Amino acid sequence: MDISIIIVNWNTKDLLRNCLNSIYGKVQGIALEIIVIDNASHDGSVAMLREEFPQVTIIENNTNRGFGAANNQAFGIMKGRYALLLNTDTVLKEHAVYELFSFMEVHPDAAMACGQLLNADGSKQNSIANFPDLLTLFLNTPLLEYLFPKRYPSKRYDYKGPVEVDSGIGACLLVRKQAIDEVGMFDERYFFFFEETDWALQMKTAGWKIYHVPSARIYHLQGQSIGRNVRSRIEFYRSRYQFFKKWKSRSYYQIIFFVIFIRTIINWLLTSLGNLAMLFTNKNLRNKWVVNSKLILWHLNGRP
């Protein structure tokens, strides 16, 4: 078996169907299996799988176990030499999986490879994640990408071939099973966000390399599988704090906490001023104010 394609689903039946159709329509010449882990969906996802894709292996959870823990369940039964992690809101383009697979086959030092994610209109989407630190928090990442393009590769540049990166976005990530066996599975303390960044740092620390393969192109309807509500923003903050707690000293973490909290307050003040100027009539600006307000309350309540 070449590749085990692993998809974690939670109430995204229609997106999941589109993702699976793109796999069966675009992947050829590679021996594969598909494993879907359903995190207690209530939208009929499992029934749809059994009726329309009976060849897919289903792991049905009674609760939403999160992204990392669900993937770990699949790692335990996968038969492939590689695991291809796919979000349900991805749609493969022609040869995308072959480009990733053929690269990994001739680069045995590579633990992971990510492709170029695309928006629905075909424009490039961020596909690379740099390891976060104080510099990325103090300065905007786009500025760092502009000033130091070799250290901070990004979608703003056109690459003629694969480039080594810190980490890839987990929406579409090909991972070598040998590296998983050596380094271990996802850290299940991350529920959603930063799992792949943490994993990539573990693999880099163990001597493996991570690559971006721009010729592998995948549509990613970003956000439709997780949403953009307050809960997802809090989960992002929680995971980011978890990353710094794990990899940095206590004093470094305290500085990080102070910087993030102050930035949240500044964002709240700016959105407050904007809403006052527009008498809270702009829905988008009003939603941002609500999110920032709840993030501040979440911090003040001890980041539960």
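In which sense, right-handed or left-handed, does H9 pass H11 in their crossing? The crossing of H9 past H11 is right-handed. Welcome to this structure, which is a predicted model.

**Helices H9 and H11**

- The axes of H9 and H11 come within 10 Å and cross at roughly 45°.
- That angle makes H9 oblique to H11.
- On the H9 side, the residues that meet H11 are Val230, Arg233, Ile234, Tyr237, Arg238 and Tyr241; their partners in H11 are Val291, Lys294, Leu295, Trp298 and His299.
- Sorted by type, the residues of this contact are seven nonpolar, one polar and three charged.

**Helices H8 and H9**

- Helix H9, which spans residues 230-247, also pairs with helix H8, residues 195-205.
- Their axes come within 10 Å of each other and cross at roughly 25°.
- H8 and H9 are therefore roughly parallel to each other, and H8 passes H9 in a right-handed crossing.
- From H8, the contact is made by Thr197, Asp198, Leu201, Gln202 and Thr205, while H9 contributes Phe243, Lys246 and Trp247.
- This contact of H8 with H9 has three nonpolar, three polar and two charged residues.

**Helices H10 and H11**

- Helix H11 (residues 283-300) has a contact with helix H10 (residues 250-277) too.
- The axes of H10 and H11 lie 9 Å apart, and the helices pack at an angle of about 145°.
- Here the crossing of H10 past H11 is left-handed.
- Residues of H10 in the contact include Phe257, Ile260, Phe261, Thr264, Ile265 and Trp268.
- The contact of H10 with H11 divides into ten nonpolar, nine polar and two charged residues.

**The buried side of helix H4**

- Which residues of helix H4 (residues 96-105) are buried? They are Ala96, Val97, Leu100, Phe101, Phe103 and Met104.
- Strands are part of what covers them: the cover includes S1 (3-9), S4 (82-86), S5 (90-92), S6 (110-118), S10 (172-176) and S11 (209-220).
- Tyrosine 98 also lies in helix H4, but this residue is partly exposed, with a relative accessible area of 47%.
- The C-alpha atoms of tyrosine 98 and lysine 26 are 9.5 Å apart, although 72 residues separate the two along the chain.

**Cysteine 114 in strand S6**

- Cysteine 114 lies in strand S6.
- Is cysteine 114 buried or exposed? With a relative accessibility of 1%, cysteine 114 counts as buried.
- Leaving aside neighbours within four places in sequence, cysteine 114 is in contact with Leu100, Ser127, Gly168, Cys172, Leu173, Tyr211, His212 and Val213.
- Leu100 in that list is also one of the buried residues of H4.
- Glycine 170 is 56 residues away from cysteine 114 along the chain, and their C-alpha atoms are separated by 8.0 Å.

**Two residues with positive phi**

- Asparagine 11 has a positive phi of about 60°, although this residue is not a glycine.
- You can find asparagine 11 in the loop between S1 and helix H1 (13-26).
- Its relative accessibility is 22%, so asparagine 11 counts as partly exposed.
- Phenylalanine 194 is another residue other than glycine with a positive phi, near 70°.
- Phenylalanine 194 lies in the loop between helix H7 (177-183) and H8.
- With a relative accessible area of 12%, phenylalanine 194 is buried.

**Aspartate 181 in helix H7**

- Aspartate 181 lies in helix H7.
- Its relative accessible area is 53%, so aspartate 181 is exposed.
- Along the chain, aspartate 181 and cysteine 19 are 162 residues apart, and their C-alpha atoms are separated by 27 Å.

Conventions. Residues numbered from 1 in each chain as written. Predicted model: local features only at pLDDT ≥ 70, side-chain atom pairs only at ≥ 80, totals over all residues. Heavy atoms only, no water. Axes fitted to C-alpha atoms, helices over the stretch in contact; angles between N-to-C directions. Helix = DSSP H or I, 4+ residues; strand = E, 2+ residues; numbered from the N terminus. Parallel < 35°, antiparallel > 145°, perpendicular 65-115°, else oblique. Left-handed = near helix turned anticlockwise from the far one by under 90°. Contact = heavy atoms within 4.5 Å. Nonpolar A, V, L, I, M, F, W, Y, C, P; charged D, E, K, R; others polar. Buried < 20%, exposed > 50% of the residue type's maximum accessible area, 1.4 Å probe, protein only.
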